[in-house]
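Please look over the structure below before reading the notes.

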Amino acid sequence: MRSSSAIYPLCLLVVALAAAQTPPPETTAPPPVAPQGITVVLDRSSQVPIVTLAFPAIPGTSALPGTAANAARELEQTLRRDLERSGIFELLGPEQLGVLTLTGDLERDADQYRSLGAAMLLAAEVELEGDRLVLEGRLVDLASRQTIVGKRYRGTFDLARRIAHTFADEIVLFLTSKRGIAMTAIALYSDRDGHKEIYMMDYDGYDQRKVTAHQSISMSPSWSGQGNTIAYVSYFGGKGPALYLADIASGKKSPLVTEGTFNASPSFSPDGRRVAFARALGANIEIFVCDRDGSGVRRLTNSGGIDMNPAWSPSGQEIAFTSSRSGSPQLYVMDAEGSNLRRVTFEGEYNDGASWSPDGTRLAYATRVDRSRFDIAVLDLVSLAAKRLTAGSGSNEAPSFSPDGRRIAFTSSRAGGTQIFAMSVADGSDVEQLTREGSNWAPDWSAYLR
Amino acid sequence: MTGSVSSVLEGRLDAQAAGSFRRALVVAASLHFIVVLAAWVAPKLLAEPQPPLEFVAVRIVPAARLGVEQPKPVPPAPEAKAPEPEPVPEPKRESKAPALPDPKAKKEPAKPAPKPPAPATPQPAAPPSSAAQVQGAPTGALAGMALGAPVATFDNPDFTYGYYVDQMLAMISRNWTRPLVGGGVEAWIHFEIERDGTLRGVRISRSSGINSFDLAALRAVQASSPLPPLPRAYREDSLGVNLIVR
């Protein structure tokens, strides 16, 4: 009896063990499936599909009083443009949808939308609550007639664009797993008021505002990874180019590296704690790094050529830069401590201005195509294969990836002067001009802002 | 005397030893038997309390590809090759309350009432004509649509979002590099998608028999976290996915 009573718990233990590590017991039985799961097959690569989105005119706008109606129109326009620019939608607007005879009943209208090829519907309404605009929007999957994301936003009229951006980012999140970039910003420098000053603007070119007023030459802005500080170069101290920091919230400027006669091209580390930059030692220029307070300056490169334009990788572990050590300016990558140096561009006689893709797998840069013209190219860091994104329209330089990796801001002479544009990384399409006043240079796209 | 005493003692010892050995043998044998029995029975026993699985293995083809290559309302030919023997019951999509859910309202329309019968008693597929948007590629003017034409059914009748499956497959396939093994290799990866798109419990639920293939498939899925958040109208906290990687 004793032995059997000992065996019983043992038996339970064995059962538990057997259950715990149940590899599929027999190959003929249906494979284990969690109840309420779905089963899908992955057998070929598939592209993230472009979603055809029906976005009819937002009803309620015309019934609003003057200023409210203007704000509502701005909201709608901004939302439309944000979604187009996201690169994941093809929009069917009021013009294309005008051929339909809609009933207002989704069950009956859904098939009409689908007859035009739409897979999703953006149903939105705008109304007034006191002095505030209320947007209620739903993204609907037309096949299942179910809401993918539904949101309600309220804000004063001056927040119309922000409401649209916020909703657009939310929609993009639900389709791509990454937030949209509609709330990001681009830093640049411009001579529009007679001096070269640092500016910043919304990602779509709206709300351009001045960051510096040194009335000297200020250039080469670089965002910190947190989006609260811009490092830049300025000559205003009189001793040659030096590095400064601008705090965005307070507007406060502070010196970063001012010793020496030439400090240039700062690049924040992604954690915002260090800055890589170029410093001249006599006729030679090398890459250096310092802490955020300007202390701990260390030299990273040691070559006879000129080393410039460092760009810190998104992981913080590598730095790309331009060096002429081989006889012509080419891109190199090294570990952030200066070791493990390797050259990554071998085509073209002049490659410069590296910007990392947010996933750290690619570099965008400018490559010279004839004596005075550059084009933007993207280099795959594994295969070292490069793909040209611009061709035949002016000189294109200074690329900067958006934080979702879908767009690149750059400068181009295609419209006269030097202006800032943005385009799709996939194929250089969907080009949009972001600046028009004066000449504008060196766009640097912020990380996601809070 | 001393010899006989010791031999007697030895004899007793032998007998004792033989007796305990026999007992041990019996215990060991019965334990083995129990273990085997337990291993065989346990999964069935444990599975029993669960409702019969509504499991239908279906081939899902990204709608975009169908829209381009298969303008006719015919499921892609390879469907016949799917090794799963169960026929595909039509989900009762029409039975879902189809009204546009109101985001202000906290409550969803009632859940779809009857679930399709268990696959053990497959029902004949409904004529596709009556459920054009349920199965097959879009027809006619719908042919060009990029998304949203569900071309497959799910064993979870609550999950009706073809677009989500398209996005998921596209994101995973971007991370998937097939090892150089021959054809006919297939690994099953199981995982749960949380509301916010995070993946949990990624594991091999059925090995391909080739370790490198299993691990590559596993890595492709793990590298795809997070996926997009689950659609708002889908009310469960998570979604289980059985991914068959070929």
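## Salt bridges and core

Over all chains, the count comes to 36 salt bridges. The model is predicted, and the notes below take some of these pairs in turn.

**Salt bridges in chain A**

- Asp204(A) and Arg161(A) form a salt bridge, with their closest N and O atoms 2.5 Å apart. Asp204(A) sits in the loop between strands E8 and E9, while Arg161(A) belongs to helix H5, 43 residues apart. Both residues are buried.
- Glu318(A) pairs with Arg342(A) in a salt bridge at 2.3 Å, N to O. This pair links strand E19 with strand E21, its members being 24 residues apart.
- Glu318(A) counts as buried because its relative accessibility is 19%, under the 20% cut-off. Arg342(A), at 31%, is partly exposed.
- A salt bridge of 3.4 Å, N to O, joins Asp430(A) and Arg407(A). Asp430(A) lies in the loop between strands E28 and E29 and Arg407(A) in strand E27, so the pair ties together parts 23 residues apart in sequence.
- Arg407(A) and Asp430(A) belong to one network of salt bridges that share partners, which also includes Arg81(A) and Glu432(A).

**Nonpolar core**

- The largest nonpolar core has 69 residues, and Leu83(A) is among those that touch the most other members. Helix H5 of chain A gives the largest share, 9 residues.
- Beyond its sequence neighbours within four places, Leu83(A) contacts residues including Leu53(A), Phe89(A) and Ile171(A).

**Overall build of chain A**

- Chain A has 5 helices and 30 strands.
- Of its 450 residues, 53% are buried.

Definitions and conventions
Residues are numbered from 1 along each chain as its sequence is written. Chains are lettered from A and ligands numbered from 1 in the order in which they are written. This is a predicted model: local features need pLDDT of at least 70, side-chain atom pairs count only at pLDDT 80 or more; totals for chains, interfaces and linings use all residues. Side-chain values use heavy atoms; hydrogens and water are left out. A nonpolar core is a set of buried Ala, Val, Leu, Ile, Met, Phe, Trp, Tyr and Cys residues joined through side-chain atoms within 4.5 Å. Buried means under 20% relative accessible area, exposed over 50%, partly exposed in between (1.4 Å probe, protein chains only). Helices (H or I, at least four residues) and strands (E, at least two) are DSSP runs, numbered from the N terminus. Contact means heavy atoms within 4.5 Å. A salt bridge is a side-chain nitrogen of Lys or Arg within 4 Å of a carboxyl oxygen of Asp or Glu.
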